[in-house]
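Please consult the sequence and the structure shown here alongside the text.

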Amino acid sequence: MFSQFFLPFLVTFLTTSVATAVCIPLFKKWKLVDDPATHKHPGIIHKTPIPRGGGIPIFIGITVAGLFFLPFSKIVFAIFLACLLAVIVGVLDDKYDISPYARFLLNIVVAVIVVGSGVGIPFVTSPFGGVLHLDAFKLTFDFLGHHSLFPLSDGIAVLWIVWVMNMLNWSKGVDGQMPGIVTISAIVIGLLSLRFYPLDQFSLLSATLSFITAGAALGFLLFNFYPAKIFPGYGATVLYLLLSVVSILSGAKLATAILVMGVPMADGVFTVIRRILTGHSPFWHDRKHLHHLLLHFGFTQRWVALFYWIVSAIVGAISLTLSSKEKLFAIIMLGILLGGGLLFLHILVEYRHEKNSI
């Protein structure tokens, strides 16, 4: 069984690595670069133009592996259609910096495409015992055939996919930060999927797609770790999309996904709340994410990325051994620790600014 899933991982890793190496000089030639002299964004920390558009080689690696190792089905077709759309709009954003509201609308569209193919959250395991069935409420209608909608199940699935796509997009501010998180998260979710194999029909698809996602992220990481030779750009949304999808295939593994992505998850929640409370749009750009705060206190880019990876790996490994009730407790504790830490760092930064301005 090890070789059954290691081979898709290896093929994706090698294909993405080669594709990234080939794309770097091409992107420079095509002026698909992130130039801090012209790209005005408060979160930018690099000083020289660096190619962006990493979503293209990532998508190439995923597609090549998918052709060899994934079955052709309505769900697989919908996933790759959504990925293609995400890459196209992502590359357009990398080149022309389109509106964040237009990007958000894209997130919703690709999520609806995937969920409409049958990828939903039919149930969640209750930490107090039993199962909560989210697909109990169903709407049926006839239009070119008989169809059913599951408002609660499908709605939560769309919200989850959109949230993960945006939350992980905020966690690519430091070289190597995002692909490392995705690699670790995908491996953990892939290992968890194997627990349900072969009882669950989606377990094989979930596990295979998880390791393909991990291979693509790791292959790209070779060129994105500090000092980065290429940036993921918004086209890398394809990775976030796949990670959100595999976390709800083969049963709802949301608790495990929340834990393994705990650091970017907490930073994302804190960011949204902070921006709203200060009268700004959640899409407003600033330099107050956790990775910016760590840089402010002397962390190097490498150590910031390693911090994210280490916490994700430790929490992810622990989550594989926890029951549903224990995962709920772990999520609460992790949220308190990370939320409290973020609040403390923000207060300390504000205090330093006030002290220096005196």
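## Basis of the description

A residue is called buried when its relative accessible area is under 20%, exposed when this is over 50%, and partly exposed in between, with a 1.4 Å probe and protein chains only. By this criterion His346, with a relative accessibility of 10%, counts as buried.

The model is predicted, so that local features need pLDDT of at least 70 and side-chain atom pairs count only at pLDDT 80 or more, while totals for chains, interfaces and linings use all residues. Residues are numbered from 1 along each chain as its sequence is written, and side-chain values use heavy atoms, with hydrogens and water left out. Helices (H or I, at least four residues) and strands (E, at least two) are DSSP runs, numbered from the N terminus.

## Helix H6 and its packing against H8

Helix H6 covers residues 177-193. Its 17 residues reach 25 Å from the first C-alpha to the last, close to the 24 Å expected at 1.5 Å a residue; the expected span is 1.5 Å times one less than the number of residues. Because 15 of the 17 residues of H6 are buried, this helix is largely enclosed by the rest of the structure.

H6 packs against helix H8 (residues 237-246) at an angle of about 20°, and the two axes are 10 Å apart. Axes here are lines fitted to C-alpha atoms, for helices over the stretch in contact, and angles run from 0 to 180 degrees between N-to-C directions. H6 and H8 are therefore roughly parallel to each other; angles under 35 degrees count as roughly parallel, those over 145 as roughly antiparallel, those from 65 to 115 as roughly perpendicular, and the rest as oblique. On the H6 side, the contact (heavy atoms within 4.5 Å) is made by Met178, Val182, Ser185, Ala186 and Ile189, and on the H8 side by Leu239, Tyr240, Leu243 and Val246. These residues divide into 8 nonpolar, 1 polar and no charged, where Ala, Val, Leu, Ile, Met, Phe, Trp, Tyr, Cys and Pro count as nonpolar, Asp, Glu, Lys and Arg as charged, and the others, Gly among them, as polar.

## Helix H7 against H8

Helix H7 (residues 203-224) also packs with H8: their axes come within 10 Å and cross at roughly 155°. H7 and H8 are therefore roughly antiparallel to each other, and H7 passes H8 in a left-handed crossing. Ser206, Leu209, Ser210, Thr213, Ala216 and Ala217 of H7 make this contact with Leu239, Leu242 and Val246 of H8. By class, the contact of H7 with H8 has 6 nonpolar, 3 polar and no charged residues.

Among the buried residues of H10 are Gly262, Met265, Phe270 and Thr271. Just after H10, Gly279 takes a positive phi of about 80°.

The axes of H10 and helix H12 (residues 301-319) come within 8 Å and cross at roughly 110°. That makes H10 roughly perpendicular to H12. Val263, Pro264 and Asp267 in H10 meet Phe307, Tyr308 and Val311 in H12, and the residues of this contact divide into 5 nonpolar, no polar and 1 charged.

Arg274 lies in H10 and, at 13% relative accessibility, counts as buried. Not counting residues up to four places away in sequence, Arg274 touches Asp286, Lys288 and His346. Arg275 is likewise placed in H10 and counts as buried at 2% relative accessibility. With the exclusion of residues up to four places away, Arg275 touches Trp170, His280, Ser281, Pro282, Phe283, Trp284, His285, Asp286 and His289.

His346 belongs to helix H13 (residues 324-357). Leaving aside neighbours within four places in sequence, His346 is in contact with Phe270, Arg274, Lys288 and Leu293. The C-alpha atoms of His346 and Trp160, 186 residues apart along the chain, are separated by 27 Å.

Methods
A crossing is left-handed if the near helix is turned anticlockwise from the far one by less than a right angle, and right-handed if clockwise.
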